[in-house]
Amino acid sequence: MVRVSQDRRSPGSRTADYEYELPPELIATHPAAKREESRLLVYHRADGKVEHRHFYDLPEYLGPDDLLVLNDSKVRPAALATSDGRLEVLLLDETSPQHWVALVKPGARAKPGMRLFFPPGTDQPDAKPIEAEVLKTLPGGERVLRFFGAVDLEKMGEMPLPPYIRKRRGVLGESEHTAEDFERYQTVYASHAGSVAAPTAGLHFTPELLARFPHAFVTLHVGLGTFRPVKTEFLADHEMHEELFSIPDGFEAAYDAAKRIVAVGTTSARVLEAAPHLHRCKGRTHIFIHPPYEFKRVDVLLTNFHLPHSTLLMLVSAMVGREKLLEIYREAVSLKYRFFSYGDAMLIL
């Protein structure tokens, strides 16, 4: 793992240092009516100025010499529920044909040897359930499942909405998933399936808005490394899970031609900072970016508002400064910005 040297006595070294108060009603349970109509908080690092705009104002801050780097990973509908409704399963990675690493909730019930049965899909109401066996439990609590039959996630699965969205929808008496989620919990440029969470900074772009900027794509399949919260007392003790990334042909030339590199989202930033080089390559990264990390390839960051204690919040703190970022978040709360995956955006110049 790429580690950042940090004195355990220094401010920002503890997970508890990345806490802020958020009224539950500011957690966005649905996206904005139109992608580009989300609000946009603009922070100028040079003078500390904060502006409050909308995402469609982005062209006022970025120009033809900037290169937007976006994560084109596609979210798989990898959330399943057993036929009896007792277990929820999130399929993370197919390690070999019909063998998947998965999160199972509640995990205590999913013991090795247990058989699970899943509905085959709404278009096959009379078909037999799809059967799987729990083979083993991994050190991090994930289960290895072996399926006895084809796993067609497009028919069987739901979009893997974050738990905080599902919980809030439950409080409001709504269904957990809607048809809207299959479109809006996906970027308009998603092309390589493999993520179990959306690279949310990109959700605000329409094809028309994206076409106004020079841009290039990298791929990072979002998994546990991105969305699992830090639970250790000190950041230095947190172990990031590996995530697969790739950089395509032609990317390095676009990078070299740009004056500023704008990372669209923390996942794009992690690819840029972790890749050994920027010509065509593939690899796995468990880079954990937090203060006092100094960015080497990212000049500007476009991101959403992140959960307390998350590695994403810590990454943004490395660019803004922890105390300043928490001050900005308090201002965003006071102005009722919408938070997390379906929420508003922040541009750090």
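In which sense do strands β6 and β7 pair, and over how many bridges? The pairing is antiparallel and runs over seven bridges.

The model is predicted: local features need pLDDT of at least 70, side-chain atom pairs count only at pLDDT 80 or more, and totals for chains, interfaces and linings use all residues. Residues are numbered from 1 along each chain as its sequence is written, and side-chain values use heavy atoms, with hydrogens and water left out.

View 1. Helices (H or I, at least four residues) and strands (E, at least two) are DSSP runs, numbered from the N terminus; two strands pair if DSSP finds at least two bridges between them. β6 covers residues 88–96, and β7 covers residues 99–105. Glu 88 has Lys 105 of β7 as its bridge partner. In the hairpin of β6 and β7, two residues lie between the strands, and Gln 98 takes a positive phi near 70°. β7 also pairs with β10 (residues 143–148), in the antiparallel sense over four bridges, with His 99 opposite Arg 146 in β10. Five of the seven residues of β7 are buried (under 20% relative accessible area, with a 1.4 Å probe and protein chains only).

**View 2. Thr 311 in helix α8.** Thr 311 lies in α8, which spans residues 311–320, and is buried at a relative accessible area of 6%. Leaving aside neighbours within four places in sequence, Thr 311 is in contact (heavy atoms within 4.5 Å) with residues including Gly 225, Arg 228, His 238 and Phe 288. Ile 289 is another of these contacts; the C-alpha atoms of Thr 311 and Ile 289 are 7.5 Å apart, at a sequence separation of 22 residues.

**View 3. The surroundings of α8.** Because 10 of the 10 residues of α8 are buried, this helix is largely enclosed by the rest of the structure. The elements that its buried residues pack against include β1 (39–43), α5 (224–227), β16 (300–304) and β17 (345–348). Gly 321 follows α8 and has a positive phi, near 100°.

**View 4. The crossing of α8 and α9.** The axes (lines fitted to C-alpha atoms over the stretch in contact, with angles from 0 to 180 degrees between N-to-C directions) come within 7 Å and cross at roughly 110°. The two helices, α8 and α9, are therefore roughly perpendicular (65 to 115 degrees). Leu 313, Val 316, Ser 317 and Val 320 in α8 meet Arg 322, Lys 324, Leu 325, Ile 328 and Tyr 329 in α9.

Conventions:
Buried < 20%, exposed > 50% of the residue type's maximum accessible area, 1.4 Å probe, protein only. Parallel < 35°, antiparallel > 145°, perpendicular 65-115°, else oblique.
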